[in-house]
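Okay everyone, thanks for coming. Let me put the structure up on the screen and then walk you through it one chain at a time.

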Amino acid sequence: MEQLDWLPRHPDLRGAIAAARKLADAQDRLAAAIALAGHRRDFVATDQLARLADAAATVIGGLDRTACVQLTPVRVAVLASHTVDHLLPAARVAGLQRRLALATYVAPYGMLRQALLARASELAAFAPQFVVIASDANDAAFDVPIDTCEAAAEQAVGARVEELRALWRGARRHYSAQVIQQTFVAMVPPLFGSYEGLVPGAPTALLERLNNALRAAAREDGVLLLDLAWHARRSGTVFDPVRWHQAKQLVSPVFAPCYGDLLARVVAAAVGCSRKCLVLDLDNTLWGGVVGDDGPEGIQLGNGSPAGEAFLAFQRYAAQLARRGVVLAICSKNDPRLAEEVFSSHPEMALRCSDIACFVANWDDKATNLRRIARSLELGRDSFVFVDDNPVERDIVRRELPEVAVPELPDDVALYPAMLAAAGYFEPASFTREDAGRSRSYAANAERRSLQEGSTDIDGFLRSLDMKLVVTAVGSMQLQRAAQLINKSNQFNLTTRRYTEAQLADIAAQASSVALCLRLVDRFGDNGLIGVLIARPDADVAADELLIDSWLMSCRVLGRQVEVAALQVLAAEAARRGAAALVGEYRPTPRNALVADHYAKLGFEAIAVPATQSNGVTRWRYDIEAAPPLPHHIQLEVDA
Amino acid sequence: MNEAQVYAALTEVFHDVFDDETIALAPTMTAADIEGWDSTAHVALIVAAETRFGVRFRTSEFETLRNVGDFVRLIATKVAKG
């Protein structure tokens, strides 16, 4: 775990780092650091990679100015009551592995409260998007007697949580930052052994009560957790008392690569860079044996044999991931008829065809098939995790499609779930009812597509969907889900501006702005929140114009005229606020070519781009009075 | 493992921790002689050496380490004890 066991081993990482350091071009050195970050590494190698990348970035003028891949810049401030300097290089390297250019800032030792309760100019200048609050158990020491009663323990914990909440509010008020709270790691072993939890005033019991209370408070306040306590209980290498006494390090350097990964994955989740889709091989991954050789009745699966139970347990784990919103796909070199027969008729299967959003079994190579699955699901390959028991296949996919995450796997399938969990690919920044229904919605989408294929008359098809667009103002109810969509939409996203919940709440509160949530309901069900629109006054546009700051939609509803209906609502809302025209903006990224002609198609006219803009930005104007309305087949329900 | 072998292996540890392959260790060297040898690097050196030699340093031993020579002798003693 502490050496990131799911990452592939490099045959000579030390040599490769030394060779990378000697490359003449800084871009090449940075590219090498990014590539090497994806390998199993201890804290020394991790630090070396961080120095390699940092030095190259200094030459280039910033970590995000890479030529090889585009990195998303993110600024993270860590406010700690213990030494954390040795952990930040690991977070930056883990960021590189997730295509994040993490800039990190550590507040001076012991300045945690001061920097949050009042605006600290140095931290304000850094303008953190994320503030990590890393306090330790000594900092949160409880002044309660060991024989304290339940109610008094609860009260002491409640007071401590309120104190933390004041810090969270400070982070929002002074820096508009998303807070990440680190849970408290026990630094003293239990006094009572197994009886500890029965004594309200026992130190470890109090700490556990505090962690539980702050988890509940974090959920209410929209704070994310770096649940170090949870990891510390499972890994003995997190806290080392020798390092604490020696250097006030709460987290041992040995665990630094993993700590960096844990932090980077929470940040990545919040900016929409978590993985979304689990692609599974079949033979010897979901069941034992080869269905083509052994036949559906001859494979090892289910109760009765230890191996069969282990495969079943892995299937159940995958099925539960699907329940929480991870999209499942199958990619197998197999006879498709036999493979599907196992899913439809093997009595022991935990996974069913309805759990699988895309089922590809054929004799093509896996990279080709993974490309096919990405196209079919309209998901980026960088959202894929590919699980295959065969190390040769894993290597080929890593080489052909480096953007796909391919975990190393233990040679016993019984250990697959733990490895997949440890790798943290699917870390979310929120969990809503809609996530739970996502797999079903992908399956329904496949059905909609097949209906479309059977229909030659597109208008008739769209009418037959009985679509209704439900438009609401972005309010506290939609904030979490809207921020989630804003931060993960890449393809149908005109400007790719990312906002935290706090920033979005600020924008939505302006009376002169329009901030809308779009839901689409059709006869197959509720597609959930499928779009967010933000239009606001801007110094760059005329006083009677609103600039469309953000227009993003889920690719699931492409080709259904939702954008036409959405424009109708946006124009009406803008007019209600006194605007005569809308100004649209397209900011190209490597992912959003899909919408380059979005405004042209909607009847906007191209206008000049302000001199301050560059890099292919285009601007478009829509005269609300003069522009002719475009037809669509969507009923509108507006409550803005 | 004799002291010379410890020197050779420890030199590699220093090269990695400081990204400097020109470092040549000498018994009298201290933190003042190597650029970047701050408190963070010091803990990193200790932990990297623990990993490299498969030994564990006691909390009470940190303050006895005045220079590289002390460090090497302590490692050699620990390695010899197994």
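**Chain B, then chain A**

So, if you read chain B along its sequence, the pattern you get is α-α-α. That's three helices and zero strands. And before I go on, keep in mind that this is a predicted model.

How compact is chain B, then? Its radius of gyration is 12 Å, and the globule rule gives 12 Å for 82 residues, so chain B is as compact as a globular protein of that length.

What about the inside? In chain B, 26% of the 82 residues count as buried. And take the contacts in chain B between residues at least 6 apart in sequence: 60% of those join residues at least 24 apart.

Okay, over to chain A. What box do the C-alpha atoms of chain A fill? Roughly 75 × 70 × 60 Å, again along the principal axes.

Now the same kind of check on its radius of gyration. A compact globule with 640 residues would be near 26 Å, and chain A has 26 Å, so the two agree.

As for burial, 45% of the 640 residues in chain A are buried. And for contacts in chain A with a separation of 6 or more, 72% come from residues 24 or more positions apart.

Definitions and conventions. Residues numbered from 1 in each chain as written. Chains lettered and ligands numbered in written order. Predicted model: local features only at pLDDT ≥ 70, side-chain atom pairs only at ≥ 80, totals over all residues. Helix = DSSP H or I, 4+ residues; strand = E, 2+ residues; numbered from the N terminus. Rg over C-alpha atoms; globule rule 2.2 N^0.38 Å. Buried ≥ 20, exposed ≤ 12 C-beta atoms within 10 Å, placed from the backbone. Contact = placed C-beta atoms within 7 Å.
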